[in-house]
Every structure is written in structure tokens, then in C-alpha cells.
Amino acid sequence: MRPPSSVSRRAWLMGAGAVVAWASSPARALMAQMDGSAAASTDLNALIARMTVEEKAGQVTLMAAAWAGGAANALNPTSPSRASFRQQMDDVRRGHVGGVFNGNGAEMARQMQTMAVEKSRLKIPLIFAADVIHGFRTVFPMPLAEAGSFDPELAERTARIAAIEATAAGIDWNFAPMVDIARDQRWGRGIEGAGEDVLLSRIMADARVRGFQGHAGLAAPDAMAACAKHFAAYGAAEGGLDYNSVDVSERTLREVYFPPFQAALDAQAATIMASFNELSGVPATANHWLLSDVLRDEWHFDGLVVSDYTGDMELIAHGFAADAREATKLAFLAGVDMSMQSGFYMEHLPDLVKSGEVPMARLDQAVRRVLALKAKLGLFDDPFRRIDPSREKTLVRTPAHLEVARDAARRSIVLLKNEDDLLPLPRQGKTIALIGPFAQGQRDLVGPWNVYGTDADAIDLLTGMRAVAADPDAIVAVDGSGVDKPIRGGIEAAVAAAQAADIVVLAVGESQTMSGEAQSRTDIVIPAPQMALAGAVAATGKPMVVLLRHGRALALHGAVKDAQAILATWFLGSMSGMATADILFGLASPSARLPCSFPYESGQEPLYYAHKNTGRPNPPGPRVAYKAHYRDAPNAALYPFGHGLTYGEIVYSAIDMGTGRLSAGGELTVTATLRNSGRHEATEVAQLYVQDITASITRPVRELKAFQRVTIKPGESREVRFTIRREELLFLGQDMQPTVEPGKFRLWIAPSAQAEGVSDIFTLA
Ligand code: NOJ
């Protein structure tokens, strides 16, 4: 129970000594009137005026939490600074740290914050940051999977719950959302974003920022500041190799990689993280054009820019800075306000300022941004507002949160294929052999980049299926194979189980260590031992449903590709097994769509639907000589962006564009009819694509401009209605200015980026 008044609450949380110290602290006195207005900046300036240059350098220094369970150090054993808790407490006391990240638990945060506001000279509170990528203790589907819901309200809801749980454990600032577009599935970090498409990524960026930050202002105890990352084009790494060089044109940056960041900033994201990669020769962390000219001067962002983990230190390895001092200067002057984990700013900024190489005004500006963020988060008013061990216990993993996790997981599962309506399976009357390394056991459920949730708290497939089926004993589970190693006798046991069953459910794919940070793959296939298992089980001739577990789009081959039914089930989090069972047995109908294209072969990567036509296009279909087409793969995705079946049967017809003319200031209304001629209710995601047929800059073959989720009962029809405005047809002209050119546009309303659906041509006057 929280005591009611804020004074007694503070006393309760901090202990009387701390209250006295805080109440009389210089920072507190100056912040007393803080309300985010012009007066507030005066107060900040007054505080800054009292700071030594070392204290200023401390404010712009962010370090991984040193206490037990401090996840960041565990994640990166090469971290240059692995301070002990005692050393870190001492740094806090001396004002040499402005914030810590990825610590675990409110109690240790409470001790550290008490040190900051009681013992440091100016008593400036720390900020606590963390990677809360897809849920906190309640784990939601990996963000890429959740983007497949095409449902921003869902994404906002899960982000909100993540914030409620994380803030209860003391976290003020979240290193999410990742808004990097990922068009190469070899890159393992695609799991954290919203996939290959600009519009979907923008919409999800907006939703996630709103969810994390909430609607009651950042000072709300359950609001955490968002951080749009990684600025910029981190997902465009050459060869899909994480951290690799990026060399994309300014046009591609502005048309593809920047818009999700702009959406995050429009949604008031408080902070941005610079990316590890270089951009055409200049590392993002030291890229003045990117971090200052674009971000500050063009977009007028005045929030905080933080480096990625040791990003400034890595300027030396990039061959861009000779040493730590130069790296500090380059990153800081380019626009990185706060340095994560290298300790470089603390070590070198005081001297750089004293020597005149870095103006004090720039240091003051960066410090002001850190302090302003702390002020907006309400930390000057109550440094313990998010540190409350009792709330931490009661607010996490509540039944309501787990129910949302189950719903989100159901809405993230994509039905790729369903021959002869094998799915949904009957809940009784059939025996099922559940086979594969992901069939049972609490491994590989929550997925990569989950610092605070655990597999041990998640529900596996076998448990979920037995809970949902009418007859739990009708389901037997056999591993059959490890993820990348065979099991002795495994295939024989699996084949015997398949032979004895009516239906096979085969759970195969990637372990959670195969995607995520630093987990790039050259060949995005299911490992050979699992393919051998799939082949042997399929040879029994039993009807087979494949459940894929994966952190990226995969190149599906052999018995997996040929199975009668395939569900993309990604990493779905805490309620993984329950949600998958709900879909398998038809308690819920699949409604998600692919946020990234599944290739036929790994060598097609990067593969994305919004590519250019080329001068020798070879549309999907047979290969034509001297046209753009691989010798050894179809010219298409096996399952394209936007693809996803339902348990209904949706037929598109009757596109109507009225006059088919869009005037300069006007709108064009387009309608189409969707009929469900199947036997089950279905939620269809109708997608509107446009192609600008001829323009002064070549345009993609299709671009998603809008989508709508519509639920249609069997035998019923629904009209979908879209409105197109001129702004939606803008692109950057040869002078890099936004332009829209009169002419003809093809428009589709279709169930995927590769499907015809219904289409027509309109004219922009
Ligand atoms: C490195 C990752 O690139 C970044 O996304 C993350 O926020 C930091 N480490 C901190 O854990």
C-alpha cells in the first residue's frame, strides 16, 4: 500500500535521513518550481551554474548497473567498465555518473538513488534506464511478430503494460522502440523492429512510443521515456552482418530509414540512440550531419541523444578516431549528448573543455538535456517515484497482463499455408504427435532481447496444447532432434509417434540465440538435423502442421515447405504455448500478416516487396532471358510481406475509384468489396498499395499506403473504404525536396504485397 501524500510517501520510501538530505538539497531547491516551462530552464541553468566540469561530465555518463543481475555487463563481457557495486556507488557519490542501465530490481536502485540524493554534492537524482524491448516480466511477442498484427492499438497496449511493470521496478527510461527498417533477413536484429515496410514501421514506432510514455505526461510514475533507436540505418548493414558498414544514398535514408524516427519524434519520443554503424564513411556516433544538421536543425529535436553501448569507444576501431580523447571529442561535438558505458565522457570531457577544444556551452547544452529529461520524468520532485519494491511485486505478471500477452501472441501468429483446411484441428477425437525441438520444455519461448522475463515463466507448446485440447492425453510429445544436433534414436521415436497418431504437429526452427544482436546468419534455413527429422516424419504420410519458431523470415525447404499447413509462430513470449494452441484448435482465428518477406532462398536477401522495377524487370513467373532474374530461384518471395491466411476464405472484388481523378487539393475515395466465402469468421487485413508509374525519380513497384482490419462473418460481405490524399504520393525529387508529380498511378487493394487483389489506375491532376 502506498501512503497517500507525496511527503509521507517520500519519507516512507527513503527513510527520514534521506528525506532531510533531499529536502535541503541544492538540486531540490532549484527544482521546486519545476514545471517544464521557461522558468524550468532558468532553474536548470542555475543548477548547471553550480556544477563543476567533472560533475557535468558525470551527468552525461551512463553506465551499466554494477549490481547482481545487472544485465548489460552479463550481455557484454568485453565491456570496458565492469565496476563493482561498491565502486559504482562511489562514482555516484562523487557525481561521476548521471544514470545507470539494465540493473535488476528496485531494491538496488533504491540504494543507489539514496546515495545520489543523499551523499553526492549536488544531490542530483540518477536516471535508471533499461532495454525493455518486448515486455518486462510479462513477455509479449517479439516486436517484429507483434508488428504482424497490423494493429497499432495492440502495440500501444503491450508497450503500456511493459511500462507499468518496468517503472514499478524503478526504470525511468527505456531503450526502445527500435525503429530500424530491416530488409535483409540475415541480420539478426530485425526481431526488435517492425520489419521491411516504411508505413508499418512508422505506425508501430508511433504506437510504441505512446505506449511507453503514456498519456499522462512523463512525470507519471508509470511513464518511461522512450528512445528511438538506432539512428540511423543500422538495419542496412552490408551482407546483413550486424555492426557492418552501411552505404546508402541520402535519398534512401530520407525515404526509407528516417521516416520511422520522424514518426517516433512526432509521438514525442524523449530520446534517440545513435547507431553503431558508419554511414558512407562517417560513423553515426560521430556524424554531425546526421545528429546535428538533420536531427536538430531540420527536425528541431531538442531531446537527448545517447550513444549505443561503447559507440564512442568504437570510433577508434572504425579508424575514425586515433584515441579515446579524440573519440570523445568527435562524438560529443557531432551531437551525442550522453555516452553509454565507455566512461570516455567522464574521463576526457573535463580536459577537453579546459583546453578549449570543446566549448563549455556545448557541455552545458548536453547536461541541460540530461537534467531536463530527469525533470520531465519527475525525478527532481521525487527521485524514488518509480522505485518501489512493493509495487514491483504486485504490478508484474498480473492475470490481466498475461491475458493481454496471450491475445497479443494470438494476433501475431501468421497462417502461411493451410491446404485442404487442415487447420483448425479438432479439439477432440484425433490423436496428435507433437514433434520437434520446440515441442516441449521451457526453452526458446520468450525470444531474444528479453532482459527481465524468463523462459521458466512462459508456457510451452505441449502445456498449452494440453490445456486447450478437450482430451489432453490425445497429445504425445517427442523431441526427435535437437535444434542443431541430432538426438540418438530421436528420428525413430518421432516416426513411431507419427505413425501412431492421426495428425503430426512439427515444431521446428531457430533457437532464440540464433537471432538478436550479433546473430547474423548467411543461410537462413532450418538447421539440417531438424530438416532430416521433418523429412522422416513427413514420409509417414500423416497430415502435418508445421509450427515455425523463428526470429526472422526463413527460407523454407523440403518437407517443411511442403507441409499441408504452416504457422509462423516466432517467439511469442510468456503465453506462447496457450496462444499457439488457441490458433491450432480454432479458439481464435489467425489474423496476422507477414511484416517481412519470406524468400525462397537465402541468396535472394535483401528481399523486400517495395523494390524498384529495373530496366529489365522480370515479374514473378518463369525466367525470361536477359531479364532481372536469378538462375536458381523464382523472382518472388515464397511468402511476401502482407501475406497471411485466415480460417475464412476472403474474395476481393468491385474496386471503385469514382472518377479516378485526384485533383491538387482533393481526395480520392476508393472502395472494394471483401466477401467471406469460407466457413469461419475471419479478420482480414486489406492493404492498399500504390505505384507511381512514371516519375522523375524511379519509384518502387508498390508502396503500402494504408491498411484496414475488417472482421467478416461467413457468407457476408464488407466494403472497405480508403481515402488517398496528394500528400501520400509525395517523394523526394531530384533536388531532394518533397514533390508530387501529376500522372498515372496504379492502385491495389490486396491481401499481400504480391497478390493482385483488385486494382485500377487513377490520375493525379
Ligand atoms: C547495445 C544495443 O545495440 C542497444 O540496442 C542496447 O540498448 C544497448 N546495447 C544497451 O543494452
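**Exercise 1.** Work out whether helix 20 and helix 25 cross left-handed or right-handed, and at what angle.

*Solution.* Start with the handedness: helix 20 and helix 25 make a right-handed crossing. (Left-handed means the near helix is turned anticlockwise from the far one by less than a right angle; right-handed means clockwise.) Next, find the pieces: helix 20 covers residues 399-410 and helix 25 covers 576-584. Helices here are DSSP runs of H or I with at least four residues, strands are E runs of at least two, and both are numbered from the N terminus. Their axes come within 8 Å and cross at roughly 50°, which makes helix 20 oblique to helix 25. Axes are lines fitted to C-alpha atoms, for helices over the stretch in contact, with angles from 0 to 180 degrees between N-to-C directions. As for the classes, under 35 degrees is roughly parallel, over 145 roughly antiparallel, 65 to 115 roughly perpendicular, and the rest oblique.

Before going on, a word on the model: it is predicted, local features need pLDDT of at least 70, side-chain atom pairs count only at pLDDT 80 or more, and totals for chains, interfaces and linings use all residues. Residues are numbered from 1 along each chain as its sequence is written, and side-chain values use heavy atoms, leaving out hydrogens and water.

**Exercise 2.** Classify the pair formed by helix 10 and helix 11 by the angle between their axes.

*Solution.* Helix 10 spans residues 152-168, and its axis comes within 7 Å of the axis of helix 11. The two cross at roughly 30°, so helix 10 is roughly parallel to helix 11. Helix 10 passes helix 11 in a right-handed crossing.

**Exercise 3.** Find which residues are joined by cis peptide bonds, and where the prolines sit.

*Solution.* As background, most peptide bonds are trans. P177 sits in the loop between strand 4 (173-174) and helix 11 (198-213). Another cis bond runs from L423 to P424, with omega near -5°. P424 is in the loop between strand 11 (414-418) and strand 12 (432-435).

**Exercise 4.** Describe what surrounds the ligand, and how much of the ligand the protein buries.

*Solution.* First, count the shell: 14 residues surround the ligand (a heavy atom within 4 Å), and the closest are D131, R189, K229, H230 and D308. Then sort the shell: 7 nonpolar, 2 polar and 5 charged. For K229, a side-chain N or O atom lies 2.8 Å from an oxygen of the ligand. Finally, the ligand taken alone exposes 300 Å², and the protein buries 97% of that (Shrake-Rupley, 1.4 Å probe).

Definitions and conventions. A polar contact is a pair of N or O atoms within 3.5 Å; within protein, one must be able to donate a hydrogen and the other to accept it, and residues adjacent in sequence count only if both atoms are side-chain atoms. Ala, Val, Leu, Ile, Met, Phe, Trp, Tyr, Cys and Pro count as nonpolar, Asp, Glu, Lys and Arg as charged, and the others, Gly among them, as polar.
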